[in-house]
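Thanks for making the time this morning. I would like to walk through a handful of local features, giving the cut-off behind each term as it comes up.

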Amino acid sequence: MQPRNMSMSGVVDLAAVKAAQEAKTKAEQTRAEAARQGGAGAVSPADLVIDVDEAGFERDVLQRSAEVPVVIDFWAEWCQPCKQLSPVLERLAVEYDGRFLLAKIDVDANQMLMQQFGIQGIPAVFAVVAGQALPLFQGAVPEEQIRETLDQLVQVAEQRFGLTGLVVDPDAEQGAQAEPAVPAGPYDALLEAAVQALDAGDFGGAVQAYRNVLSDDPGNSEAKLGLAQAELLQRVQGMDPQAVRKDAAEKPADAEAQIAAADLDLVGGHVEDAFGRLIETVQRTAGDDRDAVRRRLLELFEVVGIDDPRVVGARRALARALF
């Protein structure tokens, strides 16, 4: 069996438009019906990570990709970086609550699939959306980068292909394999210390205080927002605004110049200008420069707040620029 109807050039494929519309309707109906049935038809968290071979590829990956983005983890038992990456992907599959399905493929046992995807080294991670293949990254990359990539994938799948994912029943699997929740500690004192450091202009102290909270409680939203703001203020401290803006005006394709100007834009309250500047720079740059601009834009999203309408609009624009 070969992965048919797949374009390695990315998910922007005119042949997938009709399938996307059908997928959108099917996905919305499935999730709505599951909600009406009180979770009937929902999958368990354990179902979000599956082992796939050549015989089941069409059923488990190509067909499933019409209702949910399928992330493929190509791995092997002898591959040490795979042993670092795979557990992270499995944990994130559960954390993303059905927004993508993780398919694990052992390259030693599935050489044909490895050749079809043109894989030169592992670990290698791809996505299949509405039957279309998209290379995501290779190697044991940092979790932050993985999350950013998955966020973009989920957003594109929803906005461009209408894939709203799977309905997950959190009560479907309980017992020894469920990880116990880590109780959040009393962080009022640390958070207050961070605020006081900000007020005193000690941005480095504020950054450290927020990081101390996040080291114990990575999901603490107040600390995440505070850290993003403190890091921004720390970066612009000591900048010469006139020199930064002159440099940015003279070098429209220079990533570092545009990133610095965007920081100043945001601190000055020019949120849409900051976002627009970086999105335009994403379109002008490539490689490491483009990735640096994208990461800074995501950091600025955290400063403003992910639910802010300006962030929502900028995320759509970033997705169009990237894909």
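Let me begin with the S-S bond of Cys 79 and Cys 82, where the torsion is about 85°, so the disulfide is right-handed. The two sulfur atoms lie 2.4 Å apart, and a disulfide here means a pair of cysteine sulfur atoms within 2.5 Å. A search of the whole structure returns one disulfide. Cys 79 counts as buried at 3% relative accessibility, and Cys 82 is buried as well, with a relative accessible area of 2%; buried means under 20% relative accessible area, exposed over 50%, and partly exposed in between, with a 1.4 Å probe and protein chains only.

A word on provenance before I go on. This is a predicted model, in which local features need pLDDT of at least 70 and side-chain atom pairs count only at pLDDT 80 or more, while totals for chains, interfaces and linings use all residues. Residues are numbered from 1 along each chain as its sequence is written, and side-chain values use heavy atoms, with hydrogens and water left out.

Next, the aromatic rings. Rings of Phe, Tyr and Trp (its six-membered ring) pair if their centres lie within 6.5 Å, and planes under 30 degrees apart count as stacked, over 60 as edge-to-face and the rest as tilted. By this rule there are six aromatic pairs. In one of them, the rings of Phe 57 and Phe 117 have centres 5.9 Å apart and planes at 70°, so the pair is edge-to-face. That pair links distant parts of the chain, 60 residues apart, since Phe 57 is in helix 2 (residues 57–63) and Phe 117 is in the loop between helix 4 (111–116) and strand 4 (124–129); helices (H or I, at least four residues) and strands (E, at least two) are DSSP runs, numbered from the N terminus. Phe 57 is buried, with a relative accessible area of 0%, and Phe 117 counts as buried at 4%. The rings of Phe 117 and Phe 126 are also edge-to-face, because their centres are 5.1 Å apart and their planes at 75°. Together, Phe 57, Phe 74, Phe 117 and Phe 126 form one aromatic cluster.

How many salt bridges does a search of the whole structure find? It finds 23 salt bridges, each being a side-chain nitrogen of Lys or Arg within 4 Å of a carboxyl oxygen of Asp or Glu. Among them, the side chains of Arg 91 and Glu 143 meet at 2.8 Å, N to O. Here again the pair links distant parts of the chain, with Arg 91 in helix 3 (residues 80–95) and Glu 143 in helix 5 (residues 143–161), 52 residues apart. Arg 147 and Glu 95 form another, at 2.6 Å, N to O, which likewise links helix 5, holding Arg 147, to helix 3, holding Glu 95. Arg 147 counts as partly exposed at 25% relative accessibility, and Glu 95 is partly exposed at 44%. A further bridge joins Asp 247 and Lys 251 at 3.0 Å, N to O. Salt bridges that share partners join Arg 91, Glu 95, Glu 143 and Arg 147 into one network.

Finally, helix 12. Its end C-alpha atoms are 26 Å apart, which agrees with the 26 Å that its 18 residues (287–304) should span, the expected span being 1.5 Å times one less than the number of residues. Gly 305, which follows helix 12, has a positive phi, near 115°.
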